[in-house]
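Have the sequence and the coordinates open, and let's see what stands out.

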Amino acid sequence: MTAAGPLDGPGAVAVDGVEAGAEVVDDEAVAPPGAVAERAVVRSAEPVGAYTRLVLAAPRSAAAARPGQFAACSTGDSGMLLRRSFSISSADAEAGELVLVVAAAGPGTARIAGLRAGDVLPVLAPLGRPFALPPAGEGVVLVGGGYGAAPLAWLGAALRARGSAVDLVVGAGDARRLLGHDTPSTAGGADGVPGGADAPVDRVHVATEDGSAGARGRVTDLLPDLLAGPDGSAGPDGSAGPEESAGHGGGARHVLACGPMAMLRAVHEVASAAGATTQLATEESMACGIGVCMTCVLPVVGDDGRTRMVRACTEGPVFAGERLRWDAIGAPAPQRPAGVGARVPEDAVGAPASSSPLAPPAGGDAVQPGVVGGRP
Ligand SMILES: Cc1cc2nc3c(=O)[nH]c(=O)nc-3n(C[C@H](O)[C@H](O)[C@H](O)COP(=O)(O)OP(=O)(O)OC[C@H]3O[C@@H](n4cnc5c(N)ncnc54)[C@H](O)[C@@H]3O)c2cc1C
Ligand code: FES
C-alpha cells in the first residue's frame, strides 16, 4: 500500500475532462474486488448548508457504485496516512461522475472540503455493500440524519423506478446541517420542491431539533405516522395490511436509514415496534476501509444465531437492524465519546473467556480489552 497520494493543492492541477480524472494511481493493487483507485478530478465544489458538495470525474467508480456504498479518499497530507470515508451521494455512469457530501469534522475532512474545481482527489471506490432493494412495489421510508441523507435521493430514484412509493424523512440539529430537504418530490408542497412524476421521492418530511426547519423534533417523531396504516394503527403484530403494503400512503414495511449510530438505533426501535424491517448504513470509525485492520468491527448475529465481530467496511456498512447487537454497541466509555464504538459481547465467537487476563474486570467499563471500534 502506498501512503496517501498527493491531493494536489488548490489550482495545482487543472485537468478538464474525464480522461485525466480516470488515471489509475499506484494503490490500485489494494482495491478490493469491485472497487477501483482513481485520481478523480473535482468538477465542482459547492457549499450546501454546513457541507461541501463535491462532483468528481471518476468514471470507473461511477460505473460500479450503488446506493449505500462509500468512497475512501486520500487527504494528501503525509501526516494523515489513512483515507477518509464518505458515502457516495450519487453516481452517474454516463457522465462518469461521483458526488460526495463532506462535513469538515477534523483535519482530513477539512482538507477535502477545501478542494476546488480542477483539484485531484485520489479515491478508492465503490467500497462496502449497498442497500438491498426491498421487493418491487412495496412502500419504503428513507431516513437521513445530517449528511447521512446524502445518498437517499439516489436510493429513492432506484426504488421509485421499481414501483415503490417512497417517503423521505430528513433531520438535523438545525437547518444548516439539514440535507435532502429540497429533494424533488412527486407530491411537492412546503417540504419538497415539486418535481413531477420523475422526482426521486414521493414526499419529503423534515424535522430539526431546534425547529429552525420543518417540525421541531427528531426524525423518529415522524416515523410512526408513516409506518401505521391509514386508520392510524399498526396491525396486531405491528404490521400493516396488504393495501398499505402497496405503498399508497402510510403503512410502509421497510425503513432504510443513514446517519449517526444513536439515530440508527432509535429508528430501528420505532420501525421494528411497527413491524417494519430496517437496513441501516452504519458509520463506524474506519482506518483502512478495505477489510485489513479490524478497526471497524461491529457485533452482528449471523444466520446460525451466533454473534461475530464483523467488519463494517467490507460486510457493511449496511446491516439489517435486527442483526446488530445493540446491547454491545455505543456503550459509553471514558476513552471515547459517548455512543461510539462497540464491545465484543461475551457470547460472541472468539470473545475472551471471563477468566482470561484480557477480559474486562468485574463491573469494569466496556472499553477494556474486548472493546473495538473506538476512534483514535
Ligand atoms: C461508511 C462511512 C460513510 C461516511 N460518510 C460520510 C459523508 O458522507 N460525509 C462526511 O462528511 N463524513 C462521512 N463519514 C465520516 C468521515 O469519514 C469522518 O468524519 C472522517 O473520517 C474524519 O476524518 P478527519 O481527519 O476530518 O477527523 P479525525 O477525527 O481527525 O479523524 C481521525 C481518524 O479517525 C477516523 N474517523 C474519525 N471520525 C470518523 C467517522 N465518523 N467515521 C469514520 N472514521 C472516522 C478517520 O478515518 C481518521 O483515520 C463517513 C464515515 C464512514 C465510515
Ligand atoms: S476499516 Fe480496516 S477492516 Fe474495516
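## A buried arginine and its helix

R160 has 20 C-beta neighbours inside 10 Å, so it counts as buried. A word of caution before going further: the model is a predicted one. R160 sits in helix α4. Leaving aside residues up to four places away in sequence, R160 touches V166 and P200.

How enclosed is the rest of helix α4? Seven of the nine residues in this helix, which spans 152-160, are buried, so the rest of the structure largely encloses it. Besides R160, the buried set in α4 includes L152, A153, W154, L155, G156 and L159. What do these residues pack against? The partners of the buried α4 residues are β5 (90-92), β8 (140-145), β9 (166-172) and β12 (254-258).

Two glycines also come up around R160. G137 belongs to the loop between β7 and β8, and its 13 C-beta neighbours inside 10 Å mean that it counts as partly exposed. G137 and R160 are 23 residues apart in sequence, with 8.1 Å between their C-alpha atoms. For R160 and G139, the sequence gap is 21 residues and the C-alpha distance is 9.4 Å.

Here are those pairs, along with one from another part of the chain that comes up again below.

| Pair | Separation in sequence | C-alpha to C-alpha distance |
|---|---|---|
| G137 and R160 | 23 residues | 8.1 Å |
| R160 and G139 | 21 residues | 9.4 Å |
| L81 and G108 | 27 residues | 9.8 Å |

## The overall picture

Stepping back, the protein has seven helices and 18 strands. Of its 376 residues, 51% count as buried. Looking at contacts with a separation of 6 or more, 65% are between residues 24 or more positions apart.

## Around the ligand

Ligand 1 has 24 residues around it, and the ones that come nearest are S85, A103, G106, G108 and T109. Elements giving two or more residues to this shell are β4 (84-87), β6 (97-102) and α3 (107-113). Which of them gives the largest share? That would be β4, with four residues. Sorted by class, the shell has 14 nonpolar, six polar and four charged residues.

L81 is in the loop between β3 (70-73) and β4. Is L81 buried, partly exposed or exposed? It has 13 C-beta neighbours inside 10 Å, so L81 counts as partly exposed.

## Two helices side by side

When two helices pack, the angle between their axes and the distance between the axes describe the arrangement. Take helix α5 (residues 219-227) and helix α7 (residues 261-273): their axes come within 10 Å and cross at roughly 25°. An angle under 35 degrees counts as roughly parallel, and α5 and α7 are therefore roughly parallel to each other. Their crossing is right-handed. On the α5 side the contact is made by V219, T220, L223, P224 and L227, and on the α7 side by M263, A266, V267, V270 and A271. What kind of residues are these? In the contact of α5 with α7, nine are nonpolar, one is polar and none is charged.

Most peptide bonds are trans, and most residues other than glycine have a negative phi. A few spots in this model go the other way.

The peptide bond from A125 to P126 is cis, with omega near -10°. P126 is part of strand β7 (residues 120-127). Another cis peptide bond joins G316 and P317, with omega about 10°. P317 is placed in the loop between β15 (307-311) and β16 (318-320).

Then there's M294, a residue other than glycine with a positive phi, near 70°. Where does M294 lie? It is in the loop between β13 (277-281) and β14 (297-301). With 13 C-beta neighbours inside 10 Å, M294 counts as partly exposed.

Note on methods
Residues numbered from 1 in each chain as written. Chains lettered and ligands numbered in written order. Predicted model: local features only at pLDDT ≥ 70, side-chain atom pairs only at ≥ 80, totals over all residues. Buried ≥ 20, exposed ≤ 12 C-beta atoms within 10 Å, placed from the backbone. Contact = placed C-beta atoms within 7 Å. Axes fitted to C-alpha atoms, helices over the stretch in contact; angles between N-to-C directions. Parallel < 35°, antiparallel > 145°, perpendicular 65-115°, else oblique. Left-handed = near helix turned anticlockwise from the far one by under 90°. Nonpolar A, V, L, I, M, F, W, Y, C, P; charged D, E, K, R; others polar. Near = placed C-beta within 6 Å.
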